[in-house]
Each structure stands twice: as structure tokens, then as C-alpha cells.
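Trainee: Could you walk me through how to read a contact between two chains? I would like the general idea and then the case at hand.

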Protein chains: 2
Amino acid sequence: MRIAYQGVTGAYSEAAALQFNPSADPLPRRSFDDVFAAVERREATHGILPIENTIGGTIHRNYDLMLEHELPIVAEVKRAIVHNLIVCEGTQLDDVRKVYSHPQGLQQCDRFLRTLADVEIVATYDTAGSAQMIKEQNLTDSAAIASERAASVFGLRVIRTAIQDVADNFTRFLVVGREAAPLGPPDKTTIVFTVPNEAGALFKALSVFALRDIDLTKLESRPIPNRPFEYLFYADLAANREEFRCARALMHLAEFAPSLRTLGSYPAWKDAPRSEPAGGPEPGP
Amino acid sequence: MRIAYQGVTGAYSEAAALQFNPSADPLPRRSFDDVFAAVERREATHGILPIENTIGGTIHRNYDLMLEHELPIVAEVKRAIVHNLIVCEGTQLDDVRKVYSHPQGLQQCDRFLRTLADVEIVATYDTAGSAQMIKEQNLTDSAAIASERAASVFGLRVIRTAIQDVADNFTRFLVVGREAAPLGPPDKTTIVFTVPNEAGALFKALSVFALRDIDLTKLESRPIPNRPFEYLFYADLAANREEFRCARALMHLAEFAPSLRTLGSYPAWKDAPRSEPAGGPEPGP
């Protein structure tokens, strides 16, 4: 299993890939587009993408890319994100004049960063890449915000840990593949649909699931520019799309939703510690 | 009407404040927290806050601050956001070695930025503040991403316009005040509520509105860390909370929702050109 991810060694996405499958071979790529391309060109069997974070919310870009590329979701991973301030050996907090990280990392540590005086905040394409740059260029007046693993990989030192605004910061990642073969028994389905801009239209859409006792674990409306008569929704259903009631609910929704796409059915991430070294996560109780 | 906003002259929030009321007196503040503090300390009559962007999605931080500060929403403004690459007179695109902007601005121009080679991307606390810095420090090897107005205010030049990833980029802003007196006839209500983690709980919550023909114009679930048995939702209702059917719907929801907060009832932004120089926006047809 070779999993393409955005970033360099030490990235949170790489850690999520290894949390999912400790024996996977993570493949670093520069951008999310490149992650999709790597799977399409068979350089990787799968790709992993952050989709939602406690502080930053939904990463709309990755929903857009999933709609564009038609690579089905085959698994998910939830991971606690602990940000650290990382420096060269010998650098103290008072020496830091520049802090490098990905905009999401910077945003998640906003309160901490505002406590630093006379420090320039520099946005980069990834968290671990910032740590790598500090090491390679021996930037003794700089720090990176990245994972503890990035610090150890690049031989740097953590001088402040858990600097994110909320202690309980987690990110949900999705694993995409070329074929819609879920990596474990599927019990969750992600769909994207539109409803006409009419009173009760969303209620009608949700009724197709509620009347069949299918729970929603995520629901989010998104403004569609230039289409004032339709709303776009992302939803996660707590069911496999091949279950009879779920298949029927989706057919029912398609009767009146102007558009409906199923992005995949896959096993929901279970927080219990995993014992299997390879393959999909253990099915829950 | 004195409206506190985050940023400096030329900020998109300032433009939104003036779009709402051309005769308002905009009051710049360093952070969103400072915007709330300015209203609470009576330095400003109102505050304006970006809440949702086409590309970046919901700004969860401002929902959190509204829950924390108890300043009611009294109006909303929708504004098209056009990002520009802004430089000192004489600087060409090839001279640019650093690009400064707010992380949201950088994110919204991600595709354009990736076309620039050997350029450092620097995150700042605001878009217009980046333009101001380039002018004040005469940074001839740098550019800012900001509004056209920021360019003209600081005597800079736009060398690329509409560099955001999608042409139709808009941001919805909310105006908060000290008292729940909407700035115009209210026809929209923003609520935050939780539902128990049970199949059909959200459907039950939405039924209180659907059964009374109240439409939802936004609905978004948010993961709550450490509270696995509850989901938090943001919703916008197309109704005034003082209307009988809306008041009853909210009472109905409160019967079974573990928590419910109404953040305000206010006039929905109408896109028609405004003719009134002051006061709230014109009520729509």
C-alpha cells in the first residue's frame, strides 16, 4: 500500500497515513492536486487528504478535488493534531524572529503567535517542510510550527508543545483510491447533493434518510456563487450505500435533488487502539 | 454609526462596513477580539466580522467569539472579494521575491501563488496592512495581496487583478451591536444549537422549522471535541424570531435540544443597489 500525501516527511498527513496502516509506504507530493495525480498515474495505490479540522473547519478545496477527479473514498482517519514550536539546537524563544508554517498551522496557533513580539510569520506549503528548511539552512533565528516527529526527523528541538488554540484539536483525513473497494467493512457514506431553493427542500432531502433510520454524522451547506436557486450540501451518512435502506434512500433523494454524487462508502474511523499491522482499521463493535 | 473592524484602512471588512452604510465611521482594530472589545467599551456602536467565504468556508473563530461575547447580530453584508497583486511604483512581477497577505487571502489565491517561482509567501495579520508595510518600508522586491482600494490608499500599483482561485469569490460579513435592535426589518435569524447523537435527532430539530414552513439558508455541523454524544449546528433561518411561527419553532426546538442560542434576528443582505446614504439596507421585495 503506497499512500500519496501532501507535504514532506514529518507531515501530519504522513502520520495519519501511518496511523491508518503502519506498514504503508508514504509518498510525499507537493500539492493536493499532485496527490490525486499520483493515484491516477499509479505511482501510488492511495492518496490521503485532510478534510476537516476542529479549528479551521472543512477544507473545501479537497471536496472540490474529489468532485473533479472521481477517485472514491475508501477509508477515513481521525488524528489529534498537536502543534509544536521547533528550533535549531541552541535557539531560545527570545532568539526567534521568524516563524514558518502552513497557513492552517499558523491559524490554529493564532493565540500563541500573538503573544510573540517582533516576530515575522511566514506561510509555507507545509508544516514539516518548514522544519526541514530551518535545519537545512541552519536558521538559528527562526522556528517552525510542526509535529514532534518533524522535529526528530530533522534533528531539531521542540521548545513549546501543544501551542494550538484549543487543546483538543483534531483533523479528519480521507483515503482515496482508484477503485471503490473500501478498506474494511463500510459503515459510512459521503455524498454531495444540491437542493432547490424552496422552503422545506432540505427537510425533504433529509427525510429520505430519517424515514429509514439513517443517521447523518456531518451536514454542511456551501454557498454556490452564481447559482442563487440551488444549495450545495455535503453529508456523511452512518450507513453503507449497498445496504438496502441506504441504496433506496439515495434513489429517493435522486428523484428530486438536481444533482447527487456519492463520493464513497468506507469504514468510519474507530478510536480504539488498532492491533493489526496492516489492512484497514478494525471494524467497531 | 461607528463600526469597528479588524485590519487597517483598505481592508475588505472596512469596505463591507462602508458598503453597508456609506456614511459610517470605520474604526480599525488589530484583532477580532479587539473588535468585540471596542463595541463592549462603547468605542464603537457596532462591529463587523467576516463569517463565511466562498473558498475558505465558515470562519469558526467568529462564531466562537459571538458565543463568548453575547453581542447580538443586527445586520449582514455580502461582498464580492477581488484580490489584487500590489507593488511599489516601478516594481515588475519578475522583481517580486516576497508576497505578503493574510492567510485567508493567500489561501484564496493559492493557484496563482503556485505559478510564481522562488517567491517567499509571508502571512500577516491583514491584507491592507501588508500593502501599507510595502509602502512604508519601500519594499521594491515585494508584493501584497489586497483590495484595489488598499492600493490607492497607500499609493501603490495593481499589477495583477482578480488573482483569486474562483472568479466569484464572496464573503458574508455580520454586523454586531450592543443591543438586539436590528438595522432594518429583520427577516433572517442565526441560531447555534446542539442535538443528541441519536439517529434522526437532526431531522427532528429541522422538523420544527419545516413543519412551520421556515426555510434554512445555512446549516453546518461542527465537530465538538470531547463531547462525542452531541453535535453542534449553526443554522440561518429565513424568518424573524419575533414572528409567531418562528418564536414557536424555537420554543419547540428548546424542548429537546440540549442547548440553543439565538445570535440575532436581522435583515438579510439584498443585492439590489442601495440608494439610501445611511441607515440599514433597503428591505427587499
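Trainee: How many residues does the contact take from chain A and from chain B?

Mentor: Happy to start there, with one reminder: this is a predicted model. The contact draws on 48 residues of chain A and 48 residues of chain B.

Trainee: And what area do chain A and chain B bury between them?

Mentor: About 4100 Å², with 53% of it on carbon and sulfur atoms. On the chain A side, the residues that lose the most area to chain B are Arg114(A), Tyr125(A) and Phe203(A), which together make up 16% of what that side buries.

Trainee: Let us turn to charge. How should I read salt bridges here?

Mentor: The general idea is that side chains of opposite charge can pair when their charged atoms come close. Between chain A and chain B the count is 2 salt bridges. In one case, Glu120(A) meets Lys98(B) through their side chains, at 3.8 Å from N to O. That value falls inside the 4 Å cut-off for a salt bridge. There are also 6 residue pairs in polar contact between the two chains, counting pairs with both residues at pLDDT 80 or more.

Trainee: How do the strands E8 of chain A and chain B run, parallel or antiparallel?

Mentor: They run antiparallel: strand E8 (residues 120-123) of chain A and strand E8 (residues 120-123) of chain B are joined by 2 bridges. Looking at a bridge pair, Ile121(A) has Ala123(B) in E8(B) as its partner.

Trainee: What about symmetry?

Mentor: In general, two copies of a chain are related by a rotation about an axis and a shift along it. The same surface serves both copies, since 100% of the contact residues of chain A recur in chain B.

Trainee: How many salt bridges does the structure hold over all chains?

Mentor: The total is 38. Among them, Asp25(A) pairs with Arg2(A), their closest N and O atoms lying 2.9 Å apart. Asp25(A) sits in strand E2 (residues 25-29) and Arg2(A) in strand E1 (residues 2-6) of chain A, so this pair ties together parts that are 23 residues apart in sequence.

Methods: Residues are numbered from 1 along each chain as its sequence is written. Chains are lettered from A and ligands numbered from 1 in the order in which they are written. This is a predicted model: local features need pLDDT of at least 70, side-chain atom pairs count only at pLDDT 80 or more; totals for chains, interfaces and linings use all residues. Side-chain values use heavy atoms; hydrogens and water are left out. Contact means heavy atoms within 4.5 Å. Buried area is the accessible area (1.4 Å probe) that two parts lose on being put together, summed over both. A polar contact is a pair of N or O atoms within 3.5 Å; within protein, one must be able to donate a hydrogen and the other to accept it, and residues adjacent in sequence count only if both atoms are side-chain atoms. Two strands pair if DSSP finds at least two bridges between them. Helices (H or I, at least four residues) and strands (E, at least two) are DSSP runs, numbered from the N terminus.
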